[in-house]
Amino acid sequence: QPPQVMILTLSDLDNWLTAVDMLEVGDDCLGFDDFFGSYKEGVGEVFTGSYDVDVPGEDCYQNVYYTGAVKFKIPASPLPPGAVLQKTMLRFSHVYKDGYKPISYANLGTCVYAVGKATKGWTGLSDADHWINLFGLGGYAIPTISAPDFAYTGVNVTGVVSDWLKNPANNHGFIIFGDTWTAESDSYCVSGLGNFQLELQYFAP
């Protein structure tokens, strides 16, 4: 008889953060269209994605890039003795979504294109509202884990969590990268994400 697959779901966050990188250039700009202004994040929610507009015939270029970060509270030895980790999925859902990209925006699950394992602590950057004006969080992680279908069903983070279980001090959380749509102007894709869960699938002894 094959070993039984069990599931442990963690949803308690130690911290979360949205980093906002804004740029507005030109005398004709009437004010930055900051999507954060129309979206009020809740507990454990982050924002990710980008907005890029080079206004035709006007002296105005606007760009904003949102990067999210979440860190789970992972108990010491969360799995039963003798259990073997099989797969871990990072799951989340939309709490807000907006965008315009003529070809493919409507087919996207979210505006997340990759997730990175944070290599150093970022929680000290967060203020009471859990966001900061910063040149992204790229210096805290490399977007090495692709999000299939833009993370519509979840992201496989087995290797990252396996390392954390062996070396808890390495747990600095995840950095969530939104797509930049650099190939097209007048395009944007922004997602408010929440209900984060870390789903650990393991073989019971």
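Where is the place of Asn195? Asn195 sits in strand 11 of this predicted model. The protein chain holds one helix and eleven strands. Of its 205 residues, 47% count as buried. Contacts between residues 24 or more positions apart make up 83% of those in the protein chain with a separation of 6 or more.

**Overall layout**

- Read from the N terminus, the elements of the protein chain follow the order β-β-β-β-β-β-β-β-β-α-β-β.
- The helix, helix 1, spans residues 158-166.

- Asn195 has a phi near 55°, which is a positive value in a residue other than glycine.
- With a relative accessible area of 55%, Asn195 is exposed, because the cut-off for that class is over 50%.
- Phe196 also belongs to strand 11, and at 4% relative accessibility Phe196 counts as buried.
- Glu199 is placed in strand 11, which covers residues 187-203.
- Glu199 has 14% relative accessibility and therefore counts as buried, the limit being under 20%.
- The side chain of Glu199 makes a polar contact of 2.9 Å with the side chain of Gln201.
- Apart from residues up to four places away in sequence, Glu199 touches Ile7, Leu8, Thr9, Lys87, Thr88, Met89 and Arg91.

**Aromatic pairs and a charge over a ring**

- Three aromatic pairs are found in a search of the whole structure.
- One of them joins Phe47 and Tyr66 in an edge-to-face arrangement, with 4.6 Å centre to centre and 85° between the planes.
- This pair links distant parts of the chain, with Phe47 in strand 3 (residues 46-54) and Tyr66 in strand 4 (residues 61-72), 19 residues apart.
- Both Phe47 and Tyr66 are buried.
- Phe92 and Phe196 form a tilted aromatic pair, at 5.5 Å centre to centre and 50° between the planes.
- Because Phe92 lies in strand 5 (residues 84-100) and Phe196 in strand 11, this pair ties together parts that are 104 residues apart in sequence.
- Phe92 counts as buried, at 12% relative accessibility.
- Lys120 lies over the face of Tyr140, 4.8 Å from the ring centre.

**Largest pocket**

- The largest pocket contains about 250 Å³ of space.
- Its lining is made up of 15 residues, and those nearest the centre of the pocket are Ile74, Pro78, Trp164, Leu165 and Lys166.
- Helix 1 gives the most to this lining, with four residues.

**Loop residue with positive phi: Ser77**

- Ser77 is placed in the loop between strand 4 and strand 5.
- Phi of Ser77 is near 50°, a positive value in a residue other than glycine.

- Thr123 is in the loop between strand 6 (112-117) and strand 7 (131-133).
- The relative accessible area of Thr123 is 30%, so Thr123 is partly exposed.
- Thr123 and Gly173 are 50 residues apart along the chain, and their C-alpha atoms are separated by 9.3 Å.
- Once neighbours within four places in sequence are left aside, Thr123 is in contact with Asn15 and Lys71.
- His172 is in the loop between helix 1 and strand 10 (174-178).
- His172 counts as partly exposed, at 22% relative accessibility.
- A separation of 8.7 Å divides the C-alpha atoms of His172 and Val70, which are 102 residues apart along the chain.
- Residues up to four places away in sequence not being counted, His172 touches Lys71, Ala118, Thr119, Lys120, Gly121, Trp122 and Trp164.

Conventions. Residues are numbered from 1 along each chain as its sequence is written. This is a predicted model: local features need pLDDT of at least 70, side-chain atom pairs count only at pLDDT 80 or more; totals for chains, interfaces and linings use all residues. Side-chain values use heavy atoms; hydrogens and water are left out. Helices (H or I, at least four residues) and strands (E, at least two) are DSSP runs, numbered from the N terminus. Buried means under 20% relative accessible area, exposed over 50%, partly exposed in between (1.4 Å probe, protein chains only). A polar contact is a pair of N or O atoms within 3.5 Å; within protein, one must be able to donate a hydrogen and the other to accept it, and residues adjacent in sequence count only if both atoms are side-chain atoms. Contact means heavy atoms within 4.5 Å. Rings of Phe, Tyr and Trp (its six-membered ring) pair if their centres lie within 6.5 Å; planes under 30 degrees apart count as stacked, over 60 as edge-to-face and the rest as tilted. A charge sits over a ring if NZ of Lys or CZ of Arg is within 6 Å of the ring centre and within 35 degrees of the ring normal. On a 1 Å grid over the protein atoms alone, a cavity is a set of points where a 1.4 Å probe fits but cannot get out, and a pocket is an open set with protein on both sides within 12 Å along at least five of seven lines; lining residues have an atom within 4 Å of a point. Grid points are joined across faces, edges and corners, and a volume is the space filled by probe spheres set on the points.
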